Amino acid sequence: MARSRARWEVVYDDLRTQIDQGKLNPGDRVPTEIDLASQYGFSRATIRSALARLEQDGLITAGAGSLGRQVRRRELVSWNLTRFELGAYSDDPTNRVDQWESDAQAEGWSTRQVVAGVTELAAPDEVARYLDCAPGTRLIRRRRLRYVSRQGIPEQLAMIADTWTPVDIARMEIDGVAPLLQETNVVYPGGIYRALGFRQVHYKDEIQVRMPTPDEAALLDVQPGTPVGQHARVGIDSTGRRVRVLVSTFAGDRQLLRYELDVPERRPTQAEEE
């Protein structure tokens, strides 16, 4: 027997349906708490609970008291992970645009990328597992903040991109410069690691959904209760060495990860042929 819905769920489901069906569009003002309480015949505390859940879902803006909320604009940033860092790698050193920016721009976004620090740190357990080293091993973390905007949508942080690299690789130089230690955006044809002489022949990806750390929540400006996605890609060179892991963290309600996979043709077994 299905349980009866709580009163706040009745309001939440109704408003969410209106948003999903376009009866309340991005930018529209949500009725005030007073108006909703009158419409549904519920207390303002019940109405407030429903609105709080919609805020947590990232569907409406925050409001206070009798002030109305607005339906949030929700446009996903598409990230094609099938092409990312493969043979079509297209870093543009002239315009200082890497492949992530190139793909985002192809989707109609304006992009800006900032190096927010290059730091030598002890490897956290998860990063140590990615790089197959002991926890606490000294690594270089290069943090980039990747912003997007488009007409009608103000600039927002789309992704925190942390590249973790063994110290000996990070200190390698090209023409007297160690590109992985630079606190400015550095772009080389084919990527920095190829320019340093590392041909990554195999990638291992892990994707998880989790709650953000306080630092991530502040940077990404996520609504309370909104999870983040994390994509980790380990790059392995032709000798089998794990030369780096790129850990990208993004608001769960703003990013679309895309993979396109070819399915190999299956040949019938001898028994099937008979």
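Predicted model: local features only at pLDDT ≥ 70, side-chain atom pairs only at ≥ 80, totals over all residues.
**Figure 1. Helix 2 has a buried side and an exposed side.** Helix 2 spans residues 33-40. Four of its residues are buried: Glu33, Leu36, Ala37 and Tyr40. Seen down the helix axis, these buried residues fall within an arc of 100°, so they line one face of helix 2. An α-helix has 3.6 residues a turn, so residues three or four places apart point the same way. Ser38 and Gln39 are exposed. They lie on the face of helix 2 turned away from its buried side. The cover over the buried residues includes helix 1 (7-20) and helix 3 (44-56).

**Figure 2. Strand 4 is largely enclosed.** Strand 4 covers residues 153-166. Eleven of its 14 residues are buried, so the rest of the structure largely encloses strand 4. In a regular strand the side chains alternate between the two faces of the sheet.

**Figure 3. Strands 3 and 4 form a hairpin.** Strand 3 spans residues 138-150. It pairs with strand 4 in the antiparallel sense, over eleven bridges. Within this pairing, valine 148 stands opposite glutamine 156 of strand 4. Two residues separate the strands. Glycine 152 lies in the turn and has a positive phi of about 85°.

**Figure 4. Strand 4 also pairs with strand 7.** Strand 7 runs over residues 242-251. Five bridges join strand 7 to strand 4, and the two are antiparallel. Isoleucine 160 has threonine 249 of strand 7 as its bridge partner.

**Figure 5. The second largest pocket draws on strand 4 and helix 8 for part of its lining.** This pocket holds about 440 Å³ of space. Its lining has 20 residues. Nearest the pocket centre are Arg72, Arg73, Ile153, Gln156 and Arg254. Strand 4 gives the most to the lining, with five residues. Helix 8 (214-220) supplies at least two. By class, the lining has eight charged, seven nonpolar and five polar residues.

Technical notes:
Residues numbered from 1 in each chain as written. Heavy atoms only, no water. Buried < 20%, exposed > 50% of the residue type's maximum accessible area, 1.4 Å probe, protein only. Arc of directions from axis to C-beta. Contact = heavy atoms within 4.5 Å. 1 Å grid on protein atoms, 1.4 Å probe; cavity = no way out; pocket = protein on both sides within 12 Å on 5 of 7 lines; lining within 4 Å. Points joined across faces, edges and corners; volume = space filled by probe spheres on them. Nonpolar A, V, L, I, M, F, W, Y, C, P; charged D, E, K, R; others polar. Pairing = 2+ DSSP bridges.
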